[in-house]
Amino acid sequence: MNRISKCLRFQLKNMLKSTFWFVVIYSLVVFALISPVLLFSDGAAGSFNTSLYIGAAFFAFIYVISDYRASFNYLMINGNTRRTIFLSTTAANIIMSIVLAVLSFLYNFIDEFVLTKLSNSAHENTSLFQLFYPNAVKAMELPYMAALFILITGFSMLYGALAYKFGKYFITIFWVGVGLMFAAIPLSSSASGISLLTLIGKFLWLNHPHGMLLASVNFLIAALVFNAAVYLISSRQSQTAPVT
Amino acid sequence: MNDNVLLETISLTKRYKDVTALKDFSVKLKSNKIYGLLGRNGAGKTTLLDTVTSRIFPDSGNVRIFGQDATENQQILPLICYMPEKNYFIPTMRVSDILKVSAMFYENFDMGYADQLCVRFGLDKRKKYKTLSRGYESILRIVIGLASRAPLTIFDEPVLGLDAAVRDLFYRELLEDYTNNPRTYIVSTHLIEESADVFEDVLIIKEGQLITQLQVSELKEMAFYMSGKPSEVDAAVSGLNVIHSEMVGSVKISAVFSRFDDGMKKNIRAHGVDISPIPIQKLFIYLTNSNREGMQ
């Protein structure tokens, strides 16, 4: 087994274990909250969606950031180069993204099962995808989510690399920037009428017949850019003290 | 290049803002030896070890290990087991899992030996790393370093937090394993007096520069106190490398670090000057205090 495979094996074990517990806890919480409502409702019509992909997106974002420093340091003391660590981390993130996408996709069927068995009413299961991509084919949701998670983990890895390099200065600037960005959204219309939300809509190819496919391509390109930035930052990164 | 040279640094320099941690540092280390790396706090020991093992990058200079450029070299790094003073283990991992991961990454790792060491040192493998005391954190690093059987094994302050009995056990285990499975060790430590008998060669580093690289036996043969009347001591040490002088009442004591033979010693004693060996810890203090050059 080469070094990248060994690093990947180590990272995947921890990653999949954390993913397992995330899904279990998320499911318990969501179904515990939703089930009583369904069981004791008067059968009002409505859709039911655990939206695992939203929770999974947050999980992926937080996990990759929190794992970056520990994995980078620990794999380095076990005789691995920065290049090896970067490649295995990227591979692990991609695998985790696919796993989360598959689980999120499968949860659609679990949602339907729960609703039909517990609820007295007929239901329509509407997803966010159908809201933003009216012509969306259900089968396209899986690659779309996979690409989206790959983008999220790529961005998180970049955050982790920058936080490792610059520490609290980067973290502070980043979150202040995020806050300012949200504040600026309503004020971002320029003379041409293009707002931040419009730009995001264009990036996501909203309301386009092939929007999900084109957006997936955008996600992968953006992820590639983030990962390239991570490589440039980490390839000359000195090992610093761990956060205690 | 000499085939027996395992590690060579060529003019390594590393600066941190206003501080030059390593200045044009060049050294050659041979295979299958135990080296002691000695230096004051801030002398550059850890910077040297971090540079040699690619944890940090030098501003200039090269590191060659096993005849290859060692910087970010995936062929070379697995042959080096470096247990730093800082803790880089994942806090939630159990000792047993940490050992398994080490076994995965170090090809020669001897898990049976690691288990034996855990028993001898009293390290509970079921414990999570974050629950270990400082002493047991050091013991874990010792177990991994010894069991790795890596051709180049480096310890940075391995006995931190250990009591005298455990430190003695570490030195005995190191010597025993070195005898049965020769490899190159570099041990950086502050506890010079008790560890000097373990080392074959010592490197003394001061302000980022190598001031002495000698066998321990040579070091002891070169370091003497000369004591007596000031005029007689001054005459005796004339031309020699005096690294320390003090007056105790009317007696002058000078510490000398020079090569001289039995004939010279006899002559010095004949003039009423007493000669006695300098304890290695004192020698280290004088060498790292002194403005004079060390010797190699």
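Modeller: Happy to; what follows starts at the interface and then turns to chain B.

Please keep in mind that this is a predicted model. The contact draws 26 residues from chain A and 22 residues from chain B. The size of an interface is often given as the accessible area lost when the parts come together. Here the area buried between chain A and chain B is about 2,300 Å², and carbon and sulfur atoms give 59% of that area.

Next, the polar side of the interface. Ten residue pairs are in polar contact across the interface of chain A and chain B, with both residues at pLDDT 80 or more. The rule also finds one salt bridge between these two chains. B:E72 and A:R82 form a salt bridge in which the closest N and O atoms are 2.6 Å apart.

On the side of chain A that touches chain B, the elements giving two or more residues are α1 (3-40), α2 (52-77) and α3 (82-118) of chain A. Of that side, α2(A) supplies the largest share, with six residues. Sorted by class, the side of chain A that touches chain B has nine nonpolar, eleven polar and six charged residues.

Now for the wider picture. Over all chains, the structure holds 15 salt bridges. In chain B, the side chains of B:D115 and B:K125 meet in a salt bridge, at 2.4 Å from N to O. B:D115 lies in helix α3 (residues 111-121) of chain B and B:K125 in the loop between α3 and α4 of chain B, so this pair ties together parts that are ten residues apart in sequence.

Chain B also has a helix pair to look at. The axes of helix α4 (residues 134-148) and helix α5 (residues 164-180) of chain B come within 11 Å and cross at roughly 5°, which means that α4(B) is roughly parallel to α5(B). From α4(B), B:I139, B:I142 and B:L146 meet B:V166, B:F170, B:E173, B:L174 and B:D177 of α5(B). By class, this contact has six nonpolar, no polar and two charged residues.

Conventions: Residues are numbered from 1 along each chain as its sequence is written. Chains are lettered from A and ligands numbered from 1 in the order in which they are written. This is a predicted model: local features need pLDDT of at least 70, side-chain atom pairs count only at pLDDT 80 or more; totals for chains, interfaces and linings use all residues. Side-chain values use heavy atoms; hydrogens and water are left out. Axes are lines fitted to C-alpha atoms, for helices over the stretch in contact, and angles run from 0 to 180 degrees between N-to-C directions. Helices (H or I, at least four residues) and strands (E, at least two) are DSSP runs, numbered from the N terminus. Angles under 35 degrees count as roughly parallel, over 145 as roughly antiparallel, 65 to 115 as roughly perpendicular and the rest as oblique. Contact means heavy atoms within 4.5 Å. Ala, Val, Leu, Ile, Met, Phe, Trp, Tyr, Cys and Pro count as nonpolar, Asp, Glu, Lys and Arg as charged, and the others, Gly among them, as polar. Buried area is the accessible area (1.4 Å probe) that two parts lose on being put together, summed over both. A salt bridge is a side-chain nitrogen of Lys or Arg within 4 Å of a carboxyl oxygen of Asp or Glu. A polar contact is a pair of N or O atoms within 3.5 Å; within protein, one must be able to donate a hydrogen and the other to accept it, and residues adjacent in sequence count only if both atoms are side-chain atoms.
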